[in-house]
Amino acid sequence: MLVQALIKPNTYFDSVSLMSLSTKANQIEEVEQAIIAMGTEMNKEVMKNVGLLTPEVEVAGASDLIIVVKAATDELCETAFGKINDLFTKKNSGKKGTNDIKYSTISSAAGSNPEANLAIIAVNGAYAAREAKKALENDLHVMMFSDNVSIEDEIELKRFAHEKGLFMMGPDCGTAIIGNTALCFANAVRKGTIGIVGASGTGSQEVSVRIHEFGFGISQLIGTGGRDLKEEVGGIMMLDGIQALEDDEETKVIVVISKPPAPSVEEKVLAKMETCKKPVVVWFVGGNEEKITAAGAHFAKMSKEAALKAVLLAGADESKLNKRALNIPLIEEVRTKLTPEQKYVRGLFSGGTLADEAMHAAMEKFDNVYSNIQRNPEYRLKDRYTSQEHTFIDFGDDEYTQGKPHPMIDPSTRLERFVQEAKDPSVGAIVMDFVIGYGAHEDPVGAFLPAIIEAKQQAEQEGRHLEIIGYVLGTELDPQDYQEQIDKLLAAGVTHASSMQNAGLLAREFVVKGE
Amino acid sequence: MSRISDLFKSKPHVINVGIESFKDDLLQQGAEVIHLEWTPPGRGNPALIAALDKFESPERMEKIEAANRLAVERIINSQPVLIGYDQAINCVPGMTKTTILHAGPPITWDKMNGPMKGAVTGAIVFEGLAKDVEEAAKLAASGEITFSPCHEHNCVGSMAGVTSASMFMHIVENKTYGNIAYTNLSEQLAKILRMGANDQSVIDRLIWMRDVFGPILRDAMKLNQNGIDLRLMLSQALHMGDECHNRNVAGTTLLIQALTPYILQTDYTIEQKKEVFDFVASSDYFSGPTWMAMAKCALDAAHGIENSTIVTTMARNGVEFGIRVSGMPGNTWFTGPAQKVIGPMFAGYKPEDSGLDIGDSAITETYGFGGFAMATAPAIVALVGGTVEDAIGFSTRMKEITTTENSNITIPLLDFMGLPTGIDVRKVIQTGIMPVINTAIAHKDAGIGMIGAGITYPPVEAFEKALLALSENVQ
């Protein structure tokens with residue numbers, strides 16, 4: 001072992017800095033032991049005690065900086081001195097903006113930022129209600145992305161928000177557009193005169209992008225959370241949302257989107273529409289036309305239809321709209337490619353309402369339609385890993401997400417299922433959604449592409465046609481490249497559907513036999 | 001305008017809790033976003049969350065808020081004044097010739113760590129109760145010595161906090177509320193009793209402090225009728241770059257400057273007076289204990305307010321970290337294991353040589369300086385291993401767990417923000433943010449002394465226990 005000292009005459013550093021430098025110096029690989037200190041008598045005494053006192057150190061003065069290194073060889077000592085010198089010259093990383101004040105509670109953040117007006121709550125459901133309550137207490141509107149919140153908490157929060165004149169969007173609300181800003185999972189759409197209140201996130205996304213495609217725009221898109229129209233909650237947020245859009249000067253037409261509400265809630269919502277001064281378009285997925293029409297609202301059976309009715313009410317010239325009718329020759333062509341055994345549709349969806357819409361389209365023609373989201377228990381999938389005849393799966397449902405992110409972010413579960421379905425010789429068509437926009441995967445089609453190409457090749461080798469219908473939910477304004485997503489599908493031989501409505505109808509029509 | 005139409009007319013200004021990518025999406029759209037540094041309250045423990053929820057019923061909330069307002073008002077309005085020095089036996093309540101006060105929550109001899117045992121045996125020898133430390137250890141174990149926490153005698157004690165009958169004490173009177181606080185004198189650095197050292201040089205210094213240093217200070221202050229306003233002086237020291245826990249350069253200069261005219265007028269020899277000045281000049285730490293007594297004096301005035309969730313004591317005995325809370329009156333301690341202190345060490349020592357966190361000096365953080373005022377002391381950011389920005393971050397972060405700012409004592413670098421004041425047990429549990437404590441590191445073995453300095457945090461268990469007890473107590 002060698003001990004070498006470096007003396008920097010008349011160089012002062014405070015003791016705290018030197019302690020810190022010494023600590024770092026002792027972490028240098030080559031260093032057996034190192035001391036960096038001013039040459040005071042006390043320090044020299046310490047060095048003597050630990051056997052690091054060299055003749056140079058002995059004569060150093062109190063205003064001299066001493067660097068002593070113990071290392072195996074001369075060379076290692078030199079390297080160590082070099083590294084220690086770097087410690088002295090090392091500048092701070094110069095990171096900017098770390099001076100931003102950090103807040104840990106909603107109350108402190110809101111207290112110091114009175115302009116804040118909305119809280120997004122996306123924490124574990126066990127803690128979400130507390131945070132939402134804090135937000136409401138601080139006069140913030142709430143969008144609660146979290147799920148697994150008790151219905152009692154939901155009711156309490158919504159009542160509290162209603163009393164305070166605040167929005168309580170959610171729990172389990174993934175989509176909203178407020179002041180032309182997409183919140184959580186939403187698409188970049190034009191600002192316009194059509195307001196949406198939706199209990200279903202992807203349903204709202206779908207209608208908003210269709211309205212955009214028709215050349216119109218969205219004033220506000222308000223989410224309610226999936227349970228709002230249940231008996232217990234009573235549609236508190238839906239009713240407040242309709243009222244808010246009725247009061248909003250920018251909004252000319254209102255679109256209401258939900259699964260069919262509980263009867264008592266439906267009554268309230270329809271009563272609200274009856275008195276509403278603005279035209280209301282209603283898309284209750286699989287809902288009843290008569291009651292809605294009787295309430296003076298405009299019934300839409302499917303998503304594109306809802307968007308179309310809304311833009312017409314907002315002043316669109318029907319003759320100038322490209323309604324993107326179904327491609328009948330294509331249907332004929334695909335039917336001829338499929339063998340008699342290729343009878344079934346398999347719908348694999350990341351969006352719940354998209355699955356629902358496609359499923360309802362199929363149910364109009366077929367009885368044997370199974371799903372994890374079927375209302376009728378008889379047609380629920382018996383095993384979530386095994387399809388039965390016509391099967392539609394919402395991969396965003398809890399039983400499929402278990403511990404994983406939503407399929408719009410993490411495609412893995414749906415991808416595995418796709419590979420499985422593609423091998424099934426009874427499958428006539430696989431229909432899938434690819435959702436882009438804020439919050440969604442950066443390249444959802446790209447994630448599926450290798451599997452799609454391989455499946456197509458495999459089917460070809462087996463002498464059967466594998467029909468895949470892909471729908472890209474998005475707009476050209478979204479952060480992802482919308483056209484590129486479509487192009488990728490087309491290049492892989494996937495049938496591109498221009499809307500969810502068309503995707504659902506095409507899938508159904510492709511497998512209809514003997515018409 | 002209704003809140004909803006306000007929302008529709010302006011761009012969303014979002015407080016984002018949870019998924020961080022939502023923040024990035026909003027920023028991309030040009031919206032204003034504050035992303036919270038959120039963790040599950042009470043570390044996700046349902047019993048703690050239930051306790052937090054219980055506090056939030058409007059009636060309880062109102063009671064607690066009122067009690068806490070009163071508590072912080074008493075902390076802030078306290079005017080601690082140094083009125084004199086005297087031996088512990090003459091002034092400290094409950095002091096006897098065989099009593100040894102120590103830092104932190106109660107502890108028995110057999111459980112004490114190395115530095116505290118070193119200090120206790122040294123003090124026994126100093127008091128003439130034993131001829132050497134071996135004999136002192138036997139006496140300490142015999143049950144004839146009364147051990148008691150400083151805090152339970154209106155005292156605080158730095159590091160081991162060992163205080164015996166003939167040691168000289170600061171006497172600090174709260175001119176607003178009348179209570180008095182005590183602490184002993186700095187032995188300066190570094191091989192000293194409070195750090196666990198106890199050889200003859202340590203005993204000799206204690207004797208000199210008893211026979212020369214203490215009496216001169218006592219007699220000097222007898223000549224100062226007005227006393228020394230410590231709150232004012234603390235405020236000045238912070239403006240001069242101290243945080244008054246680990247950096248005391250400015251405070252010591254101010255204090256000795258205030259004492260000097262009176263020291264000069266005492267009837268001691270020039271030689272003795274020079275010894276005093278040399279001793280004070282030998283370490284910046286001279287005023288360290290003074291600020292501790294100042295903080296103790298103010299916090300005692302805020303202790304025992306029904307329903308208050310404000311912390312009035314944080315103290316460590318080297319084995320356990322204990323806190324006391326205003327709403328749990330008297331000597332109710334909530335404890336958890338003492339933690340490691342992380343920071344630079346004196347040359348020749350390694351982290352494994354460190355004793356665990358020890359001392360009553362966390363009273364300074366309980367008041368709102370020390371680690372809470374890191375932003376006043378950019379010169380010692382190396383202690384916290386970081387940059388000036390990090391130092392500022394420590395101070396602003398402490399606002400998240402405190403009740404108000406002390407407008408009497410400000411931090412220039414933060415636009416004269418007042419010291420973060422009134423640690424609220426509820427907020428600590430809610431946010432998971434622990435009070436930051438600047439402190440010294442004593443060697444783990446008896447007889448060695450100080451080997452470094454750095455920062456540490458209390459164990460969360462102490463606050464969790466306090467919260468649960470408070471939730472039983474607040475009706």
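Reader: Where is Asn307(B) found?

Author: In this predicted model, where local features need pLDDT of at least 70, side-chain atom pairs count only at pLDDT 80 or more and totals for chains, interfaces and linings use all residues, Asn307(B) is found in the loop between helix H12 (288-300) and strand E10 (311-317) of chain B. Residues are numbered from 1 along each chain as its sequence is written, while chains are lettered from A and ligands numbered from 1 in the order in which they are written. Helices (H or I, at least four residues) and strands (E, at least two) are DSSP runs, numbered from the N terminus.

Reader: Buried or exposed, that Asn307(B)?

Author: Asn307(B) counts as buried, with 21 C-beta neighbours inside 10 Å; the term asks for 20 or more other C-beta atoms within 10 Å of the residue's own, whereas exposed means 12 or fewer and partly exposed lies in between, with C-beta atoms placed from the backbone. Its phi is near 75°, a positive value in a residue other than glycine.

Reader: And what is phi of Met159(B) near?

Author: Phi of Met159(B) is near 50°, again positive in a residue other than glycine, and Met159(B) lies in the loop between strand E6 (155-156) and strand E7 (168-174) of chain B. Met159(B) is buried, with 28 other C-beta atoms within 10 Å. Most residues other than glycine have a negative phi, and most peptide bonds are trans.

Reader: Which residues does a cis peptide bond join?

Author: Gly170(A) and Pro171(A) are joined by a cis peptide bond with omega of about 10°, and Pro171(A) has its place in the loop between strand E6 (168-169) and strand E7 (175-178) of chain A.

Reader: Switching to the open sheet of chain A, in what order do the six strands come?

Author: The order is E15-E16-E14-E17-E18-E19, with parallel pairing; two strands pair if DSSP finds at least two bridges between them. Strand E15 (369-371) and strand E19 (495-497) of chain A stand at the edges with a single partner strand each, so one side of each has no neighbour in the sheet.

Reader: Which helix packs on that sheet?

Author: Helix H16 (residues 412-422) of chain A packs on the sheet, touching strand E14 (344-349), E16 and strand E17 (427-435) of chain A, and its direction makes about 170° with that of E14(A). Contact requires C-beta atoms, placed from the backbone, to lie within 7 Å, and axes are lines fitted to C-alpha atoms, for helices over the stretch in contact, with angles from 0 to 180 degrees between N-to-C directions.

Reader: How many residues of chain B are in contact with chain A?

Author: 49 residues of chain B are in contact with 57 residues of chain A. The side of chain B that touches chain A divides into 26 nonpolar, 15 polar and eight charged residues, where Ala, Val, Leu, Ile, Met, Phe, Trp, Tyr, Cys and Pro count as nonpolar, Asp, Glu, Lys and Arg as charged, and the others, Gly among them, as polar.

Reader: Which strand of chain A do bridges join to E1(B)?

Author: Strand E4 (residues 118-122) of chain A is joined to E1(B) by five bridges, and the two run parallel; Ile120(A) stands opposite Asn16(B).

Reader: Which members of the largest nonpolar core touch the most others?

Author: Val68(A) and Leu234(B) do, among 171 residues, a nonpolar core being a set of buried Ala, Val, Leu, Ile, Met, Phe, Trp, Tyr and Cys residues joined through C-beta atoms within 7 Å. A second, separate core of 148 residues includes Val123(A) and Val494(A).

Key
Contact = placed C-beta atoms within 7 Å.
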